[in-house]
Amino acid sequence: MPYQGQKSHEFFERAKAVIPYGVNSNFRYHDDYNTPVVADAQDQYVFDFDGRKYIDYRLGFGPIILGHTDPFVNGRVKSAIDHGISFAATQEYEVKVAERIIQMCPGVEMVRLTNTGSECTMHALRLARGYTGRDLVVKFEGSYHGAHDYTLWSTAGGNPEKVGSRQRPTAYKMSWGIPEVMRDLIQVLPFNDVEILGDFLQEKGEQVAAIIVEPILGNGNGIMPRPGFLEFMRQQCDHYGIVLIFDEVKTGFRIAAGGARELFGVMPDISTYAKALGNGYPIAAIGGTREIMMNIGPGKVFQGGTYTGNVVSTAAADAVLEFMQTGQVFPQIEKVGSMIMAGLHEICTRYGVPHVINGVPAMFGISFMVDEPMYEWRDLHKADWDFYETIARYMIEHGVMPEADGLEPYFLCSDHTEENVATTLQVFEDGLKHALGK
Ligand SMILES: Cc1ncc(COP(=O)(O)O)c(C=O)c1O
């Protein structure tokens with residue numbers, strides 16, 4: 001059965017007539033009958049055009065940390081916009097947001113704001129290149145750092161048959177239109193392998209401007225860093241004078257108030273933040289040491305944009321961070337997320353279904369027909385994603401909405417309840433039985 005009921009399907013047909021594939025981001029398209037459409041949202045729920053209600057675990061691919069339509073955030077935005085929204089001049093919410101980020105994220109000394117995760121990783125890489133005077137960037141297989149040509153290589157949807165050896169992978173282009181010359185500027189390596197990284201840096205470390213890493217593979221089912229991996233990168237970056245960038249677009253203000261820096265206790269030179277920073281309002285940030293950040297400026301590294309630091313987004317982020325600073329957000333997410341992770345494990349074990357659960361309560365993935373721990377993108381190809389999708393589609397048909405593509409984790413928000421957990425686990429169990437043909 002397709003997810004789209006009749007009215008939702010008619011709406012999607014209307015969208016497809018004027019928008020390629022009916023979506024404004026390729027990631028959102030599944031097929032003509034199973035691409036999610038949303039007519040309304042409230043707290044932890046979304047509603048389609050047929051009036052169906054879903055417990056939302058997609059949460060806009062991660063930003064919605066406080067639930068949809070959060071009254072505290074929307075209230076701050078509503079009161080702010082009556083005083084103007086875009087000035088090409090510094091305004092108070094920008095400064096408040098920067099101050100809060102510095103208070104919350106250990107080691108961040110200065111901040112520049114952008115509108116999207118792609119913009120902030122693009123600027124962060126330019127900053128690293130400007131600071132070091134080098135061009136080469138290292139990224140890891142399966143990580144996604146945004147839509148720009150710099151790093152749109154070997155992301156999670158890459159073709160495993162065209163990526164070469166693990167020792168020295170071939171960068172795989174993720175879009176038509178990326179100039180071939182960009183290949184010379186990127187080296188892709190397997191996540192979590194200190195030996196391969198160490199060997200590569202021994203050969204080329206002095207040419208590398210930046211290592212950019214998702215500290216948890218948030219675009220690869222939530223694969224965790226092995227103990228010591230982030231620490232090894234920190235030590236190698238110090239040794240070779242490389243800028244270490246944690247791309248915290250997914251982990252920032254989600255896995256802890258201070259993101260990966262707080263959770264893992266490893267300090268990169270720069271972190272990039274977006275998603276949960278705005279609870280859905282478009283805002284992103286580059287946070288780093290004063291020494292590096294002060295290379296941004298007139299006649300130095302260019303960073304800017306007409307809408308960067310606009311009142312709508314910064315007022316929203318000010319409220320999001322203020323609420324997080326009360327300490328009320330993460331205990332609830334931890335509790336509810338842990339219950340779901342434990343419940344999925346218990347159900348799969350009871351039915352004898354091999355499975356691996358990756359990630360942390362705020363952001364976790366599950367994969368089936370594998371029982372070895374996963375360390376990198378290549379491990380993901382051992383799992384049975386058709387089985388995953390059969391269950392996910394069953395769940396969506398029954399009012400619980402994880403992402404149908406299992407590479408994208410489940411996301412939790414502080415509005416999810418224990419009652420939602422019970423419903424989710426029941427629907428998951430029914431979906432598992434359905435997938436097993438029971
Ligand atoms: C880790 C990471 N970096 C960067 C981006 C790009 O962010 P945006 O979609 O806001 O441009 C994403 C988006 O999913 C992401 O997950």
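Predicted model: local features only at pLDDT ≥ 70, side-chain atom pairs only at ≥ 80, totals over all residues.
Visitor: What makes helices α5 and α6 roughly parallel to each other?

Guide: Helix α5 (residues 194-204) and helix α6 (residues 229-240) pack at an angle of about 10 degrees. Angles under 35 degrees count as roughly parallel, and the pair is therefore described in that way. Their axes are 11 Å apart. The contact is made by V194, L197, G198 and L201 of α5, together with F229, F232, Q236 and Y240 of α6.

Visitor: Which residues have the most contacts inside the largest nonpolar core?

Guide: They are A128, A210, I211, V243, I245 and L277, in a core of 121 residues. Its largest share, eight residues, comes from helix α9 (residues 311-324). The core also draws at least three residues from each of domain 1 (38-68 + 328-436) and domain 2 (71-324).

Visitor: What is I211 in contact with, leaving aside its neighbours within four places in sequence?

Guide: I211 is in contact with V138, M233, C237, I242, L244 and I245.

Visitor: Why is α9 called mostly covered?

Guide: A residue is buried if 20 or more other C-beta atoms lie within 10 Å of its own. In α9, 11 of the 14 residues are buried, so the helix is mostly covered. Among them are V311, D318, L321 and M324. The cover includes α2 (71-81), α3 (92-104), β4 (110-114) and α10 (329-350).

Visitor: How do you know that the span of α9 agrees with what it should be?

Guide: At 1.5 Å a residue, its 14 residues should span 20 Å. The end C-alpha atoms of α9 are 20 Å apart, and the two values therefore agree.

Definitions and conventions
Residues numbered from 1 in each chain as written. Core = buried A, V, L, I, M, F, W, Y, C linked by C-beta atoms within 7 Å. Buried ≥ 20, exposed ≤ 12 C-beta atoms within 10 Å, placed from the backbone. Helix = DSSP H or I, 4+ residues; strand = E, 2+ residues; numbered from the N terminus. Domains from an automatic or database assignment. Contact = placed C-beta atoms within 7 Å. Expected span 1.5 Å × (residues − 1). Axes fitted to C-alpha atoms, helices over the stretch in contact; angles between N-to-C directions. Parallel < 35°, antiparallel > 145°, perpendicular 65-115°, else oblique.
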